[in-house]
Amino acid sequence: MSSPVSYWILNSARNSIATLQGGRHLYSRCVSSRNKSKRTLFSWASNTLRNNAPCGDFALPKAYRHTWTEEDDLHLQLSPEQVNEVLRAGESAHKILDPVSGAPSSVLRFESNQLAANSPVEDRRGVASCLQTNGLMFGVFDGHGGHACAQAVSERLFYYVAVSLMSQQTLEQMEEAMESMKPMLPILQWLKHPGDSIYKDVTSVHLDHLRVYWQELLDLHMEMGLNIKEALMYSFQRLDSDISLEIQAPLEDEMTRNLSLQVAFSGATACVAHVDGVHLHVANAGDCRAILGVQEDNGMWSCLPLTCDHNAWNQAELSRLKREHPESEDRTIVMDDRLLGILMPCRAFGDVQLKWSKELQRSVLERGFDTEALNIYQFTPQHYYTPPYLTAEPEITYHRLRPQDKFLVLASDGLWDILDNEDVVRLVVEHLSEAGRHKPDLAQRPANLGLMQNLLLQRKAQGLHVADQNAATRLIRHAIGSNEYGEMDPERLTAMLTLPEDLARMYRDDITVTVVYFNSDSIDAYDKRG
Amino acid sequence: MFYRLLSVVQRQRTSRGWQNWPSARSGASAAEAHSVALPAQAQVVICGGGIMGTSVAYHLSKMGWKDIVLLEQGRLAAGSTRFCAGIISTARHLGIEQKMADYSNKLYQQLEQETGIQTGVQIYDRTSVVHVMIKKGEVTGVETDKGQIECQYFVNCAGQWAYELGLSNEEPISIPLHACEHFYLLTRPLETPLQSNTPNIVDADGRIYIRNWQGGILSGGFEKTPKPIFTEGKNQLEIHNLQEDWDHFEPLLSSLLRRMPDLETLEIMKLVNCPETFTPDMRCIMGESPVVKGYFVLAGMNSAGLSFGGGAGRYLAEWMVHGYPSENVWELDLKRFGALQSSRTFLRHRVMEVMPLLYELKVPRWDFQTGRQLRTSPLYDRLDAQGARWMEKHGFERPKYFVPPDKDLLALEQSKTFYKPDWFDIVESEVKCCKEAVCVIDMSSFTKFEITSTGDQALESLQYLFSNDLDVPVGHIVHTGMLNEGGGYENDCSIARLNKRSFFMISPTDQQVHSWAWLKKHMQLDSNLLLEDVTWKYTALNLIGPRAVDVLSELSYAPITPDHFPSLFCKEMSVGYANGIRVMSMTHTGEPGFMLYIPIEYALHVYNEVMSVGQKYGIRNAGYYALRSLRIEKFFAFWGQDLNTLTTPLECGRESRVKFEKGLDFIGRDALLQQRQNGVYKRLAMFVLDDHDTDLDLWPWWGEPIYRNGLYAGKTTSSAYSYTLERHVCLGFVHNFSEDTGEEQVVTADFINRGEYEIDIAGQRFQAKARLYPVASLYTHKRRKEDVELSDLHGK
């Protein structure tokens, strides 16, 4: 329904806010009228839209929503409490419990938040622990052309990874359970924000495909399962190919068919971190980013990027694209810093418009889908000669965690567009030390009880004692509230949060941030054990 | 204190410089603990090297047990024992806590002399218990991170980790406690350093305590907004984050400086954050698990670990060695709780209410506001809509009284009082209605068991377990005690003989776990003898009053005259459309009426029928406060309030409920026979206050001293205002302390009758008449002529 500016800008509309705005308006009207007329047929689809929009609803409660009109009250002011309420609605935080026996986990906790610009939000996030193998997975998924693909990837990808890591024996148990219709071993434990869209438990079609995947893994006869790197690599590609194949195969059920179409014809970039003890793997496809905050022995902080953005500014990606396609396309493969002049990331899930042959696209769509009603972007890019142009193959980084690695930040490009890596590390470090502001060292804090009381009463009056508890919130607050000098500007923050739904996307993208804190002690202990 | 206890246990050198708390820290590392391999077996394994664990170990070894292993996951005394503020207070408002504190205080003084005792305690630090191994409901050993130890007894003294440790077994054990962060401040010495004899100060209004610490002060408190911690279990993050939170401490600091403004210039040294453990009812937890034999617990000290450590350790050691402690500790017994109090959410919410209460005035009949509406009767909503005000017992909501629509009660805060409470008139009208017409009280919370056998096994085992004769004709109800070896009441219940082979047992609400465990332990349960907890299956309605019989006969079309349905009788009959209602001619109050045990699906139907038919007889709802007034004025003692494990039937005039003459053996028989021979040393009596002004004087609640001829003779156990006698009535035990030696002497009926009594309420003594039997006039409830006429009037 909403067209994410950075990706699907049409040539004619690009750079022209006025046109775009008008277009959007027109478009939403069309959608609503169509939905009315075809309610029965598409009631489910519109339901998913609603169901999948809680973050949007959370972040911009109805009271603050505005539809753009000239005379509209633009001076609506949010109180600081309301600002906090809006910013904190998407917060989630989990502490990782120590196992009853064995070493404490290398992850202490994670904090996450999400702020929507699109309506509904197109970013997704996921955190889950693998129950049959060790390890925690964190993912950020940035959808474009709708949220369907991001939703599907966020629901399904971790299952593929978890299954890839399973030993032959576990897979056999899974297969046996399926065969005899017995309850399966639990695969994942999700750690969700209550507002995160309800992850549908692997629906039967999805489960069937997952099963085909593990059956193939079983046929490989590898006792220990894949290593993490292979697992991530195969899972990304396998899921993308399943997404693509699901809609090519004849599907009986209209609901599943419509959904599969929406998934395949929208897209999502993905960045997934897998942490098991000191072993950190990051798989990335697209322009989400993961960085490590590192504190050196001398106390200085630095940033260690763990991913490369896959976009037109990445020379390696440009060379790859040129290598994969004939020389004749060198000029057209990336235009206006976009893949075929259309897409900013050059790796992504879904987006079959950039993967399938024209013939295939036509033959699938000719099977009688109402593409408009399904919000499918149907087009053929210019200079479309040698598909596929787009891949979901991830780039994988391995990093062995050291005691000086303190935290990991995963975020969608909505954050990185505004803040650079160093800013982000600085803000998280500030957050950490601020959390420790309750504990000023002896040299700095008031020496006697009276002065301390004065200070505390002052802090109370200023409301300083209730700072952001969540580092992700702090990052989002700064991302949208910092002025051109990088200073926090409360007015700007309020203005950004009160933008009408239709305008919000002009000024900011969906932002999703997950900050993972490591337990240096247990990493140290792990190191010493060898 | 702790280090003294420890040093005695460990046979270490005399406590060189360990007398005072701060230097004790260096002592901790100096205390050489074993780092060698664990023994393969031991008699007792104690988990937790804090004050509780060491106190239990000390007392066990003093009682002669030699084979004891104490495990500590970190270092000895590393938990709240190490960081606690070190205040030993002996001012407690509750009896058993007072006794523990007194004993601890004496013990700590005595420990200074006691050194070099040979003990059998081996201590291993840096050893954590993974779980306890259990076979067939008995402890068989302990799995630690350093290997296994076979053992017979396990003692969980794991403090704030006791809850998690309890759940880690294959058969989880519910130990309901939860930690909150607790802060105290340390300062540098005053200009003129405080002397060590500076008294400790508690400013309850300011929620703070202050004591001398190395010439400076140590001051902490119990704030209004506690920070619960470790709700999800142990995690490194929260342990890491246990840091000073000055912003949180501000209200306590401000109240310190308000009380003692001159301390303003005192230099700060440190703000210590040391989590303390709290329980759902602010009382500690001790005793044996109801599900696993040999699994003992001592934890949940509600910030008074040091004060109670000695006494609590002793009681638990006695419990393990002798099978029961020398004092009645029911109020602290783990079995007062069940799995139902074990939800993390419940505990988190409840301790946030409990911790601030520590420094608040504890008023009588206080109800917790958190963790409510867990267990309810099917009639809950219906009763609530009619103005019911609720109290909670063992998680069950019970109506206290019903506020009429036109009446307003005081707000919660204003209703706190030791004087005449605001519900006085409401309860009065409910009592009147019970006396003159009929009331209905929802009493579904009572614990209900069914005991059934294929042959005579049920009768035989119950005859051994209960003191009264249960070999009665089918349909009869027997009031009987379930006694321990000492003849004391483990439970006081009513048992109905449903048929030759099955019995229905009704006990107080909080007996659900304790009674179950006791029966399980003493009965040979197999496929021929079944014990079932049917508490949840029945809704119980108590129809109290002279017109109850009319309501019931109209609803059942069955003759309910005393000839057909004598007192203490049980019949299954139909009530309204519902069949199979268990009707019992008893009301737990001595008033005429019936208890209806209704399968829950019929509850609403029967209630509706009773209310609509009852209308013409003037029926109304009533609550437990009315019931209480009715029973106490008739000298009905209640288990848990008046009766406990150390009171026998002979001490409360219930010899007639003991089957001495039957020639049958039962638990406690020998003790009772001996007592019958020698006489009793205390006797339950009823006191009617004479010159007490209900409106203006402080009310008796319980625990008031009883004076006989000017000498202290005991304490009241419960009291109520009797609307019929228009006097306060107290129940309490009278002792006969020798004037010369203070020794207890035999108490005879004559001794009771010949005394002049006074009850001391907050320092003011009121004359009281002691009675050994209830006031006879209360029992004359013949139906008067005008009643009949009145009912005719209503009928029209």
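**Figure 1. Lys634(B) and its salt bridge to Glu591(B).** Lys634(B) has a relative accessible area of 1%, so this residue is buried, the limit being under 20%. The model shown here and in the other views is predicted. The side chain of Lys634(B) meets that of Glu591(B) in a salt bridge, with a distance of 2.7 Å from N to O. The two residues come from distant parts of the chain, 43 residues apart. Lys634(B) sits in the loop between H17 and H18 of chain B, while Glu591(B) belongs to the loop between strand E28 (578-584) and strand E29 (593-599) of chain B. Glu591(B) has a relative accessibility of 8% and therefore counts as buried.

**Figure 2. The salt bridge between Arg654(B) and Asp492(B).** The side chains of these residues, Arg654(B) and Asp492(B), are 2.9 Å apart, N to O.

**Figure 3. Salt bridges in chain A.** Over all chains, the structure holds 58 salt bridges. One of them joins Arg156(A) to Glu246(A), with 2.6 Å between the closest N and O atoms. This pair links helix H6 (residues 148-165) of chain A, which holds Arg156(A), to helix H9 (residues 228-248) of chain A, which holds Glu246(A). The two residues are 90 residues apart, and both Arg156(A) and Glu246(A) are buried. Elsewhere in the chain, a network of salt bridges links Glu317(A), Arg320(A), Glu324(A) and Arg347(A).

Figure 4. In strand E11 (residues 208-213) of chain B, 6 of the 6 residues are buried, so the strand is largely enclosed by the rest of the structure. In a regular strand, side chains alternate between the two faces of the sheet. Ile208(B), Ile210(B) and Asn212(B) point one way from E11(B), whereas Tyr209(B), Arg211(B) and Trp213(B) point the other way. Strand E10 (residues 201-203) of chain B runs antiparallel to E11(B) and is joined to it by 3 bridges. E11(B) also pairs with strand E12 (residues 216-221) of chain B, in the antiparallel sense and over 6 bridges. Tyr209(B) stands opposite Val202(B) and also opposite Gly220(B) in E12(B).

Figure 5. E10(B) and E11(B) form a hairpin with 4 residues between them. In that turn, Arg207(B) has a positive phi of about 65 degrees. The hairpin of E11(B) and E12(B) has 2 residues between the strands. Here the residue with a positive phi is Gln214(B), at about 50 degrees.

**Figure 6. The second largest cavity.** Rolling a probe the size of a water molecule over the atoms shows where empty space is left. By type, the lining divides into 7 nonpolar, 4 polar and 2 charged residues.

How values were computed:
Residues are numbered from 1 along each chain as its sequence is written. Chains are lettered from A and ligands numbered from 1 in the order in which they are written. This is a predicted model: local features need pLDDT of at least 70, side-chain atom pairs count only at pLDDT 80 or more; totals for chains, interfaces and linings use all residues. Side-chain values use heavy atoms; hydrogens and water are left out. Ala, Val, Leu, Ile, Met, Phe, Trp, Tyr, Cys and Pro count as nonpolar, Asp, Glu, Lys and Arg as charged, and the others, Gly among them, as polar. A salt bridge is a side-chain nitrogen of Lys or Arg within 4 Å of a carboxyl oxygen of Asp or Glu. Buried means under 20% relative accessible area, exposed over 50%, partly exposed in between (1.4 Å probe, protein chains only). Two strands pair if DSSP finds at least two bridges between them.
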